[in-house]
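Look at the sequence and the model first, then read the points below.

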Amino acid sequence: VRVTFTPIHRREGGIAGTIAVLQDVTEQENLEESRREFVANVSHELRTPLTTIKSYVEALDDGALEDPQLAVRFVGVIRNETERMIRLVTDLLHLSRLDSKEALLRIQQTDITEMLEDVADRFSFQIRQKRIDISTRVRRDVSTAWLDRDQIDQVLGNLVSNALKYTPEGGTIELEALKNEDGMLSISVRDSGIGIPKKDIERIFERFYRVDKARSRNMGGTGLGLSIAREIVKAHGGSISLQSELNEGSKVTFTLPLNEQRGSEA
Ligand code: ADP
């Protein structure tokens, strides 16, 4: 609570009394606090790869260049770190566009089966490499829906990419679309992977929140995939949730309105 006192002066001099204003600033402070935390996180996330790049460049400068094998390895590390920084900045720009509501949705009628199979195809190389069994299932009453295809492609891409990252070789990934009890289109991505501890599930959609920072980093993650997915789904008027059992797998479900009218608003 912020308190401001304003004295009331008598015309003839002296003070007649004081007005005290009590203002509830909890919300403002929370916002300020989360902004500070976000800036600290971004700085840290950018500083880490920059420090790595700097030390590898110095090592090359100090003689590693003379050893071609070593030099190739070091250049590889530098390239990886640079690519991750580019991904991070791209994700940040995308988030800031979503935050500013600048990103208008381009709603179009979309074939759901085609959309799900398309995302599976995009990852076919990694899927084959990890011998993952992927399946898609679309119920007949949701064969088409009105949505921003590019944005929902990104949501699905983030979810399938996570499912792949956090599922060991030989696992399964299931994509399913159905009409839920509220009449919404519900799309889920289920994996048989490492799962998420109960205590982390609640915070998993927060920006930069990760169960295992080192593992996420090694996998090339930015820690922003789920928060971007949540913003896109929210912009469509839907919601997103995650269920998970440690060592058994995770299931992320998001809903979208099936309502055709939205199409004309775009
Ligand atoms: P990241 O780039 O780290 O993958 P995300 O925002 O996509 O960032 O996910 C945040 C964190 O949630 C991940 O670091 C990981 O700990 C956890 N996570 C997300 N999806 C899964 C999944 N399918 N299985 C297990 N853990 C997951």
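Helix H1 gives the largest share of the lining of the second largest pocket, with 6 residues. Helices here (H or I, at least four residues) and strands (E, at least two) are DSSP runs, numbered from the N terminus. The model is predicted, so local features need pLDDT of at least 70 and side-chain atom pairs count only at pLDDT 80 or more, while totals for chains, interfaces and linings use all residues. Residues are numbered from 1 along each chain as its sequence is written, and side-chain values use heavy atoms, with hydrogens and water left out.

**Terms**

- Rolling a probe the size of a water molecule over the atoms shows where empty space is left.
- On a 1 Å grid over the protein atoms alone, a cavity is a set of points where a 1.4 Å probe fits but cannot get out, and a pocket is an open set with protein on both sides within 12 Å along at least five of seven lines; lining residues have an atom within 4 Å of a point.
- Grid points are joined across faces, edges and corners, and a volume is the space filled by probe spheres set on the points.
- Ala, Val, Leu, Ile, Met, Phe, Trp, Tyr, Cys and Pro count as nonpolar, Asp, Glu, Lys and Arg as charged, and the others, Gly among them, as polar.

**Second largest pocket**

- The second largest pocket holds about 550 Å³ of space.
- It is lined by 21 residues, and those closest to its centre are Ser-34, Arg-35, Glu-37, Phe-38 and Arg-207.
- At least two lining residues come from each of H1 (26–61), H2 and H8.
- This lining has 10 charged, 7 nonpolar and 4 polar residues.

**Largest pocket**

- The volume of the largest pocket is about 810 Å³.
- Its lining has 37 residues, of which Asn-158, Asn-162, Lys-165, Tyr-166 and Leu-226 are the closest to the centre.
- Elements that give two or more residues to this lining include helix H2 (68–99), helix H8 (225–235) and strand S9 (249–256).
- H5 gives the most to the lining of the largest pocket, 7 residues.
- By class, the lining of the largest pocket has 16 nonpolar, 13 polar and 8 charged residues.

**Cavity**

- There is 1 cavity of 30 Å³ or more, and the largest cavity has a volume of about 40 Å³.
- Glu-45, Pro-49, Arg-84, Met-85, Leu-88, Gly-221 and Thr-222 line the largest cavity.
- H1 and H2 are the elements that give two or more residues to the lining of the largest cavity, and H2 has the largest share, 3 residues.
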